[in-house]
Amino acid sequence: MPPALAVRLTCQACTRRKVKCDKKSPCTNCLKHGISCVAVERPRWPRGRSAKPAISREQDLCNRVAKLEQVIQDLTHSTRVTGDISNSCGETTIPRSGRSPKSPSETVQASEEWILPQPSVIPRSADSRDDTRGSGFANNTTRLERHTENHRELLSEPVRRRILVEIFLQQVDPILKMLHRPSLCAYLLEGKPYLDYAPGHPVPAALASAVFYMASSTLTEDQCLALLAERKGTVLARYKDEAKAALARVDFLVTNHLTVLQAFVLSLVAARTHDRSRRVWTMLSVALRIAQALSLHMTDPPFPVTPFEREMRRRLWHLIGWLDLEASLNRGSESMMRSAWIRTHSLTNINDDDFSFGAVDPLPAARSGPTETTLLIMFAHAQCALRALDLSHFAEPGITDIHMRQQTVDHFRLTANGLLAGCDPENVAFHWFISQIQEQISAVLQLIALRPLQRSPAFIPAEIPAPRMLALAADILERRQRMYSDPRAHPWRWFELFYFPWHALVVAMTEVCVCTDRWVMDRYWPTLEHTYDAFRKQAVGTHYDWLLKSMESLMSSARAARQKVVGSNSPGDEPPNSHICMDMASLEGSMLSDSLPDVPGPTLAAEELAQLPDQEATAWAQYGDFTDRFYEMNTIFDCGLTHPW
């Protein structure tokens with residue numbers, strides 16, 4: 001019998017972009033957008049008499065009964081299974097009954113068992129939440145894998161959810177410090193009511209669903225198989241649908257509960273890790289409007305709030321502001337919030353154990369050195385600096401004076417260094433991680449101060465030598481690669497998905513176009529090639545898709561410039577200038593000391609542009625042309641004239 005003919009399905013690019021495919025080879029959509037069309041085919045299913053024989057009614061009933069028996073067996077076994085789930089402070093053994101001893105008043109209704117995980121008592125100390133190098137998540141993962149292998153057939157849904165809570169507390173909570181950790185642990189791990197909500201209330205259940213969704217989004221495919229005995233796609237789809245249903249039950253669009261808004265923001269962050277469309281960017285405006293409806297933008301809301309509520313409201317407000325800024329940087333659009341809305345809502349540098357829900361006394365004094373809130377406070381200062389350097393003049397006027405822009409960058413460095421005083425990056429993995437984040441933010445601020453994302457006639461570029469500008473941009477790309485490839489960043493590697501440094505890549509490529517030094521080319525070209533390839537893979541079918549053509553044109557120019565230099569020069573043994581071989585430490589504080597203009601005028605006239613070095617003027621003009629094309633395309637897509645999805 002001849003082999004069955006293959007059936008052509010929607011190609012990979014159209015599947016990612018969620019558009020209709022005409023199933024040609026190549027398809028029309030891929031030809032139109034210049035994308036490589038990868039066909040997807042499968043054998044034709046047999047039909048008629050050659051098909052698989054139909055199952056009898058009796059056999060079908062037996063199969064259904066067997067499935068029901070298996071479900072009942074899983075529920076029975078879930079109450080006897082013994083977990084071996086470790087956390088950042090050690091191991092915790094779950095009682096054989098699957099429940100921790102509690103009074104009748106702490107008993108959770110049976111109907112919540114599939115919404116909340118089975119409780120377990122997990123002691124935590126304030127000083128044990130950071131893992132040291134060589135331990136921490138690697139040991140934690142090993143124990144969880146051993147637990148999963150031993151009880152794979154007994155891994156019920158409550159056990160999976162308990163594992164996800166542990167993952168959230170270790171991988172998400174340290175970065176997204178928007179929830180009160182002791183209150184969350186009491187609710188999800190000990191079965192106690194959440195804050196002042198009654199047992200069985202749908203609002204805490206919505207928060208629990210968002211926690212499960214967020215935790216599952218940070219796992220890799222291998223981790224999902226090892227810890228949860230399921231593929232990541234299956235896990236994500238389940239908890240995504242559950243979170244959407246839970247938010248719909250509490251009517252999140254018109255809610256008056258801060259907890260509901262926390263659940264909604266968590267769900268948006270989870271979606272941001274795997275949804276590359278502009279859906280999350282659009283829904284962030286909804287989160288901002290809900291926050292304003294709850295008066296989060298007001299320093300003193302028109303109703304009484306306890307010190308605990310005030311602190312949690314400010315944390316959530318700061319996180320929404322950071323997500324707004326991150327989304328605007330990703331799309332090259334204007335942010336919605338103003339820096340004044342952040343400055344007037346100062347956070348307290350304390351740990352969660354320093355205050356509780358029922359306390360009526362004011363919050364304790366801020367601690368010196370790093371705490372659980374330090375990273376969020378650093379994000380707040382970075383927000384204010386980035387919004388001040390914004391030249392779109394959309395939400396507020398930006399700083400155009402180059403001296404003041406540099407002062408803004410230096411002020412952030414000074415403030416961040418003070419916040420991180422006392423860190424132990426050599427022994428505490430999370431201290432090392434936030435130190436790396438601080439260096440990344442400082443470098444990005446320095447680059448934006450010199451090469452703003454938007455063009456303005458009132459901005460005069462500083463006369464920075466081309467190799468130094470190339471070094472600054474390429475160093476951002478190199479540091480990012482090193483940071484997320486380090487084993488110490490493993491628990492928080494999901495944070496890499498939030499922002500791609502396309503701006504640094506653009507600046508580096510424009511500087512390469514005017515660079516005539518072979519040694520500088522050889523030093524930074526591999527980084528540019530690696531980053532550009534990563535961008536291309538990430539851009540297809542995502543919100544970066546419309547930026548891809550401009551990037552390809554700029555990269556073609558950079559490659560032609562490199563080929564010209566390689567063909568005319570031979571590499572030297574030593575760098576021609578000592579200031580080229582440097583890292584960010586040499587850039588801090590002295591980047592503009594010898595290159596700032598005396599008193600910048602209101603506009604950059606033609607004769608002033610001519611005074612810049614020829615290479616730097618060409619690079620600035622080329623960068624300006626790119627930003628013009630960039631924002632022209634951005635306006636077209638945002639206005640809905642073209643729809644690439």
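Q: How do you know that the length of helix α10 agrees with its number of residues?
A: The expected span of a helix is 1.5 Å times one less than its number of residues. For the 15 residues of α10 (residues 258-272) that gives 21 Å, and the end C-alpha atoms are 21 Å apart, so the two agree. Helices here are DSSP runs of H or I with at least four residues, strands are runs of E with at least two, and both are numbered from the N terminus.

This is a predicted model, in which local features need pLDDT of at least 70 and side-chain atom pairs count only at pLDDT 80 or more, while totals for chains, interfaces and linings use all residues. Residues are numbered from 1 along each chain as its sequence is written, and side-chain values use heavy atoms, without hydrogens and water.

Q: What makes α10 mostly covered?
A: Of its 15 residues, 15 are buried. Buried means under 20% relative accessible area, exposed over 50%, and partly exposed in between (1.4 Å probe, protein chains only).

Q: Why is E242 called buried?
A: Its relative accessibility is 16%, under the 20% limit, so E242 counts as buried. E242 lies in helix α9 (residues 232-249). Leaving aside neighbours within four places in sequence, E242 is in contact (heavy atoms within 4.5 Å) with R161, S209 and F212.

Q: What is the mean pLDDT of the protein?
A: The mean pLDDT (the predictor's confidence in each residue, from 0 to 100) is 75, and 70% of residues reach 70 or more. Over residues 576-590 the pLDDT is below 50, though this stretch has 27 contacts in the model beyond near neighbours in sequence. Where pLDDT is low, the predicted coordinates should not be read in detail.
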